[in-house]
Amino acid sequence: MVVPARLMRYVIVGAGAIGGTVGGLLHQAGNDVVLVARGAHLDALRRDGLTLDRPSGTTTLRVPVAGTLAEAGLRDGDDPDLLVVATKLQDAEPVLDQARELAPGVGVLCAQNGVAGERMARARFETVVAMVVILMADHLEPGVVAAYMEPHPGVLDVGGYPEGDPAAATLAGRVAADLVAAGFSAQARADIMRWKYRKLLSNLGNAAEAACGSDDPALADLSGAARVEGVRALAVAGIDVATDEEDRARRNGRVAAGTIAGRTRGGGSSWQSLRRGTGSIEASYLNGEIIALGERHGVATPVNSLLLRVAEEMAAAREQPGGRSAADLLAAART
Ligand SMILES: CC(C)(CO)C(=O)C(=O)O
């Protein structure tokens with residue numbers, strides 16, 4: 001893909017917490033954006049626009065919407081779109097397959113946790129941009145998204161995948177500039193995957209939070225134990241990970257104190273998946289990534305294995321988040 005000089009159109013699939021916030025604010029900053037949504041959310045977006053609740057107030061944005069990528073008219077060629085995949089990882093492959101049929105030369109941006117989205121995208125497309133998403137947001141109801149961070153709405157660093165690919169790096173630079181102009185903390189990084197692995201480590205606690213709830217007093221111990229296994233597996237696999245110190249220097253956003261529009265943030269993305277009863281959870285691409293590395297390199301990962309099993313069971317049974325005890329899970333993983 002030759003990255004064109006003109007402003008690209010962002011076609012964003014997965015217009016929930018992440019896609020809605022990113023798309024809404026890119027649109028507000030004057031970018032050409034289409035949100036691809038489904039069901040009641042699509043109806044509400046068409047009827048009422050996108051309502052974005054932020055600590056600074058509520059905005060209604062008339063972002064163009066479509067029900068499918070075909071309806072969005074996804075295009076490559078001389079005037080190509082950028083396809084932004086903001087679905088959960090378990091929902092990404094059908095989107096990528098459909099996009100490939102419509103516009104095989106399109107550039108793809110993976111606005112997702114973990115490191116699997118980039119692999120999936122690169123298996124189908126030439127130009128792929130990886131993104132580290134640190135954005136505390138929630139898809140509250142059809143048409144309504146809350147973004148809880150201030151003073152900026154989130155950290156969205158990007159970089160070409162694989163690292164060193166010149167077209168992907170150029171595209172990442174363009175995206176970073178648009179994100180900064182839209183108010184995000186964003187930068188293009190030549191070593192983006194170190195940062196994605198760093199973020200993966202923090203997401204190993206997502207399944208624990210979903211299973212036990214954020215008020216569980218032993219949650220930090222359980223999540224910490226999952227991370228210790230993750231750090232060990234990545235180190236033995238020889239995967240370079242950005243450090244806490246580097247991370248701290250970048251973190252200049254925080255979750256707004258109290259509530260916005262009368263609501264308090266409940267939990268992270270896996271907690272939200274259980275709450276919505278979607279029947280699936282991202283843990284197989286987060287804890288599962290570490291389990292697979294551990295198996296390959298002889299590192300035991302009992303805590304991640306247990307968390308994955310419990311989170312998947314809860315999702316399949318459409319259990320609400322928070323029903324398990326973190327102390328019990330930790331004890332079970334250690335026996
Ligand atoms: C950082 C945070 C909480 C939001 O991007 C996250 O990664 C998640 O919940 O999955």
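These questions and answers go through a predicted model of a protein with a ligand.

Colleague: How many helices and how many strands does the protein have?
Modeller: Both kinds of element occur in this predicted model. The count for the protein is 14 helices and 13 strands.

Colleague: Why does the radius of gyration agree with a compact globule?
Modeller: The protein has 335 residues, and a compact globule with that number would have a radius of gyration near 20 Å. The C-alpha atoms fill a box of roughly 60 × 45 × 35 Å along the principal axes. The radius agrees with the globule because the protein has 19 Å.

Colleague: What does the UniProt record say about residues 11–146?
Modeller: Over this stretch the chain is 32% helix and 32% strand, and its end C-alpha atoms are 21 Å apart. The name comes from an unreviewed UniProt entry, whose annotation for these residues reads "domain: Ketopantoate reductase N-terminal".

Colleague: Which elements each supply at least two residues of the shell around the ligand?
Modeller: Eleven residues surround the ligand, and the closest are Asn 113, Lys 199, Asn 203, Asn 206 and Ser 269. By type, the shell divides into four nonpolar, five polar and two charged residues. The elements that each supply at least two of the shell residues are β8 (128–134) and α7 (192–203).

Colleague: How far is an oxygen atom of the ligand from an N or O atom in the side chain of Lys 199?
Modeller: A polar contact here needs a pair of N or O atoms within 3.5 Å. Asn 113 has a polar side-chain atom 2.8 Å from a ligand oxygen, and Leu 135 has a backbone N or O atom 3.0 Å from a ligand oxygen. For the side chain of Lys 199, the distance to a ligand oxygen is 2.6 Å.

How values were computed. Residues are numbered from 1 along each chain as its sequence is written. This is a predicted model: local features need pLDDT of at least 70, side-chain atom pairs count only at pLDDT 80 or more; totals for chains, interfaces and linings use all residues. Side-chain values use heavy atoms; hydrogens and water are left out. A residue is near a molecule or strand if one of its heavy atoms lies within 4 Å of it. A polar contact is a pair of N or O atoms within 3.5 Å; within protein, one must be able to donate a hydrogen and the other to accept it, and residues adjacent in sequence count only if both atoms are side-chain atoms. Helices (H or I, at least four residues) and strands (E, at least two) are DSSP runs, numbered from the N terminus. Ala, Val, Leu, Ile, Met, Phe, Trp, Tyr, Cys and Pro count as nonpolar, Asp, Glu, Lys and Arg as charged, and the others, Gly among them, as polar. UniProt positions are given in the numbering used here, feature names are shortened, and annotations may be inferred rather than shown by experiment. The radius of gyration is taken over C-alpha atoms; the globule rule is 2.2 Å times the number of residues to the power 0.38.
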